[in-house]
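Open the model in your viewer and colour it by secondary structure. Keep the selection panel at hand.

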Amino acid sequence: MKPQNFDFEKIQKNIKKKNQQKNLLIVVMTVLLTLCLFWSVPKVLNQFFYNPAGKNAYLANNQYLFSRQIYNELTLPSYTMTDLTIDQTGIGSYQIKETYSPKYSNEVVGFQGLEITRNKSHYDNNFYPISPIFSQELATKKTASVDNNLAKSNLLENIKALPKSTYVTVDLAFKEDKSIPEYSDWLNETTTGAETLWQAVRPPQNAITANKTPTVVGYAPTGSFSGISVTVTHEKKLNEDFPLLIGYLANDKQNNWPEEKRQTTHFKSLLNYLIENEDFLAQDAHLLQKTTLKNILQAVEKNGIKIYGVTLRLPAFELEKILQNEVIKTAYITQLDVFPLTSQSAQLPGFHYPAEK
């Protein structure tokens with residue numbers, strides 16, 4: 001048997017080559033693992049925090065936008081959000097900017113900057129105007145009638161001097177609360193040219209804000225979705241879970257309901273949607289919280305909707321008639337628009353104007 005000749009140099013080269021390949025493989029695997037961790041870990045960690053651009057059971061994305069629109073209808077009578085940007089700045093951290101304009105206007109009147117950091121929010125700029133008559137009406141039930149009458153008289157004199165092409169948006173408070181049918185009858189008897197933008201609902205005594213102030217809530221009686229449009233992925237499920245939350249999703253049966261039932265159902269769905277999607281509320285202590293919304297809902301289910309004020313949009317001369325009506329307690333104009341004249345008599349089409357004096 002012949003002795004074997006080993007080429008030790010060749011064997012060492014092969015071992016070295018295999019070690020190099022093994023080390024290269026380890027380096028590649030380490031790099032890939034690092035990249036996977038770099039991309040996946042933030043995504044995993046983000047799942048533990050509120051994502052304003054994320055989805056819910058009804059939306060594929062933009063859950064914050066949808067919830068904010070619902071909340072704005074509930075609490076913001078005369079303004080609408082016209083633009084929204086959401087930028088992620090870190091794990092569970094987002095920068096949000098909201099732009100607001102008066103309804104029926106493209107004029108920007110305010111911005112709201114909000115920073116959400118791991119389920120806690122901070123306002124850089126808080127735009128949240130509420131007409132004084134709604135909050136004052138809830139703060140005290142006894143207001144000097146002489147002061148109210150003087151304020152109405154002064155407002156009436158100022159309105160008389162306005163051109164006929166003037167439209168106004170005005171907040172009104174009633175001397176006594178009205179049911180939905182009572183308000184509808186009063187409006188039809190008093191004016192023919194007014195559009196109701198918002199109806200203020202009397203909250204129960206146990207419904208207060210985080211600052212221990214009265215809660216101003218209401219709804220748009222049309223049930224229309226105001227502001228930025230949002231794509232609803234599961235429309236049928238949304239309307240089943242929260243009937244008439246959005247008016248255009250109504251089915252045939254709902255369209256045949258009496259107006260009082262339609263409006264009451266819509267208002268209750270506003271409350272229920274926010275209650276069920278409490279992540280939106282929980283990240284911002286400034287918002288009305290779940291307990292407060294439940295208290296309002298229970299009061300409506302027990303006593304029905306009690307309207308103590310409204311926001312109207314109407315020609316100025318129609319407001320003259322309303323201010324002379326005995327049921328009006330106070331009034332506050334939030335917007336005034338003078339439209340281009342459409343004729344020599346400065347009249348707008350579609351309305352019957354009083355004769356020139």
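The tour goes from the whole chain to a sheet, then to single residues and charged pairs.

**Before selecting anything**

This is a predicted model, in which local features need pLDDT of at least 70 and side-chain atom pairs count only at pLDDT 80 or more, while totals for chains, interfaces and linings use all residues. Residues are numbered from 1 along each chain as its sequence is written, and side-chain values use heavy atoms, with hydrogens and water left out.

**The whole chain**

Show the chain as a cartoon. Its secondary structure comes to 11 helices and 9 strands; helices (H or I, at least four residues) and strands (E, at least two) are DSSP runs, numbered from the N terminus. Of the 357 residues, 44% count as buried, where buried means under 20% relative accessible area, exposed over 50%, and partly exposed in between (1.4 Å probe, protein chains only). Switch to a surface: the chain exposes about 20,200 Å², and carbon and sulfur atoms supply 53% of that. Accessible areas come from the Shrake-Rupley method with a 1.4 Å probe; for residues, only the protein chains shown count as cover.

**The sheet**

Select E5 to E9. These 5 strands form an open sheet in the order E7-E6-E8-E5-E9, with antiparallel pairing. Two strands pair if DSSP finds at least two bridges between them. At the edges are E7 (217–219) and E9 (328–338), each pairing on one side only. On average, neighbouring strands are turned by 20° against each other, direction ignored.

Next, pick out residues 195–201 (E6) and 307–315 (E8), which pair in the antiparallel sense over 6 bridges. Within this pair, Trp198 stands opposite Thr311 in E8.

Axes are lines fitted to C-alpha atoms, for helices over the stretch in contact (heavy atoms within 4.5 Å), and angles run from 0 to 180 degrees between N-to-C directions.

**A residue in H4**

Select Asn148, found in helix H4 (residues 145–160). Is Asn148 buried or exposed? Asn148 is buried, with a relative accessible area of 10%. Draw a distance to Lys329: the two C-alpha atoms are separated by 6.4 Å, although the residues are 181 apart along the chain.

**Salt bridges**

A search of the whole structure finds 8 salt bridges, each being a side-chain nitrogen of Lys or Arg within 4 Å of a carboxyl oxygen of Asp or Glu. Three of them can be selected in turn.

- Asp177 and Arg202: the closest N and O atoms are 2.8 Å apart. Asp177 lies in strand E5 (residues 166–178) and Arg202 in the loop between E6 and E7, so the pair ties together parts that are 25 residues apart in sequence. Asp177 is partly exposed at 30% relative accessibility, and Arg202 is partly exposed at 21%.
- Asp241 and Lys237: here the closest N and O atoms are 3.2 Å apart. Both residues lie in helix H6 (residues 235–241), 4 residues apart, or about one turn of the helix.
- Arg313 and Asp337: the closest N and O atoms are 3.3 Å apart. Arg313 lies in strand E8 and Asp337 in strand E9, so this pair ties together parts that are 24 residues apart in sequence. Arg313 counts as buried at 6% relative accessibility.
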